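Reader: I would like to go through this model by way of its sheet, its helices, its surface and its charged pairs. Please give the cut-off behind each term.

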Amino acid sequence: MYRFPPKLQVFGRDIQKEQLKYHHRRVAVEKSFTFDAAHHLHLYDGKCKSLHGHTYRLVLQVSGYVNEIGIVVDFKDLKQLVKERIMKPLDHQYLNEVLPPMNTSAENMIVWMWEQLEEGLADMGKPEQELRLEWLRLYETPTSSAFLKREWMVEA
């Protein structure tokens with residue numbers, strides 16, 4: 001049985017502002033999104049050469065240092081970033097038409113997504129938080145995905 005706390009913690013009485021930031025360590029947060037889109041691949045010898053659709057799943061990890069209240073980045077801000085930079089241009093679209101000229105493979109798409117998200121992330125948080133994209137995974141099907149991590153993009 002759940003025990004209800006005898007009293008709720010009150011800010012200013014039970015906890016002070018300087019206690020909200022418990023540490024100064026880099027911490028990563030992750031968020032996942034889905035969108036639907038159609039595409040086809042050029043010069044591909046298989047079923048994907050024909051127009052077809054997927055329910056894509058994008059998982060991202062962002063790291064940084066916590067702010068003065070102990071948060072790296074608000075999940076709602078990550079949701080807004082992905083909505084503006086990824087979902088609006090791609091959801092329920094024909095990818096060959098809305099992405100830059102490329103074969104719309106998961107391997108190409110994930111690099112474009114990285115570029116979009118990294119650019120948008122630069123405007124989030126405070127400079128001392130040093131927010132950065134750590135990795136992305138783009139699922140084309142529940143069992144097939146492309147993966148990209150920060151060090152690979154820095155090498156390029």
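Reader: In what order do the five strands stand in the open sheet?

Author: This is a predicted model, in which local features need pLDDT of at least 70 and side-chain atom pairs count only at pLDDT 80 or more, while totals for chains, interfaces and linings use all residues. Residues are numbered from 1 along each chain as its sequence is written, and side-chain values use heavy atoms, with hydrogens and water left out. Strands (E, at least two residues) and helices (H or I, at least four) are DSSP runs numbered from the N terminus, and two strands pair if DSSP finds at least two bridges between them. The pairing is mixed, and the order is β3-β1-β2-β4-β5.

Reader: Which strands stand at the edges of the sheet?

Author: Each edge strand has a single partner strand, so one of its sides is left without a neighbour in the sheet. The two are β3 (93-94) and β5 (144-149).

Reader: How many bridges join β1 to β2?

Author: These two strands run antiparallel.

Reader: Which residue of β4 is the bridge partner of Val 62?

Author: Strand β2 (residues 52-65) pairs with strand β4 (residues 132-141) in the antiparallel sense, over seven bridges. Among the pairs, Leu 58 has Leu 138 as its partner in β4. For Val 62 the partner is Leu 133.

Reader: Which residue of β5 stands opposite Tyr 139?

Author: β4 and β5 form a hairpin with two residues between them. They run antiparallel and are joined by six bridges. Opposite Tyr 139 stands Ser 145.

Reader: At about what angle does helix α4 run to β4?

Author: Axes are lines fitted to C-alpha atoms, for helices over the stretch in contact (heavy atoms within 4.5 Å), and angles run from 0 to 180 degrees between N-to-C directions. Helix α2 (residues 75-90) lies across β1 (26-39), β2 and β3, and runs at about 25° to β1. Helix α4 (residues 106-121) lies across β1, β2, β4 and β5, and its angle to β4 is about 145°.

Reader: Is His 54 buried or exposed?

Author: His 54 lies in strand β2. Beyond its neighbours within four places in sequence, His 54 is in contact with Phe 35, Asp 36, Ala 37, His 39, Glu 140 and Thr 141. His 54 and Thr 141 are 87 residues apart in sequence, yet 6.9 Å apart in space, C-alpha to C-alpha. Buried means under 20% relative accessible area, exposed over 50%, and partly exposed in between (1.4 Å probe, protein chains only); at 13%, His 54 is buried.

Reader: What is phi of Leu 43 near?

Author: Leu 43 lies in the loop between β1 and β2 and is exposed, with a relative accessible area of 93%. Glu 130, in the loop between α4 and β4, has a phi near 50°, a positive value in a residue other than glycine. Leu 43 is not glycine either, and its phi is positive, near 55°.

Reader: Which residues make the nonpolar surface patch of about 430 Å²?

Author: Patches are made of residues with over 30% relative accessible area and no salt bridge; like charges are joined within 9 Å, nonpolar side chains (Val, Leu, Ile, Met, Phe, Trp, Tyr) within 5 Å. Accessible areas come from the Shrake-Rupley method with a 1.4 Å probe, and for residues only the protein chains shown count as cover. One member, in the segment before α1 (17-20), is exposed at 65%. The patch is made by Tyr 2, Phe 4 and Leu 8.

Reader: What is the N to O distance in the salt bridge of Glu 134 and Arg 132?

Author: A salt bridge is a side-chain nitrogen of Lys or Arg within 4 Å of a carboxyl oxygen of Asp or Glu. Glu 134 is buried at 15% relative accessible area, whereas Arg 132 is partly exposed at 29%. Their side chains meet at 2.4 Å.

Reader: How many salt bridges does the structure hold?

Author: Salt bridges that share partners join Lys 7, Arg 13 and Asp 14 into one network. Glu 84 and Lys 88 meet in another salt bridge, at 3.0 Å; both lie in helix α2, four residues apart, about one turn of the helix. The number held by the structure is 10.
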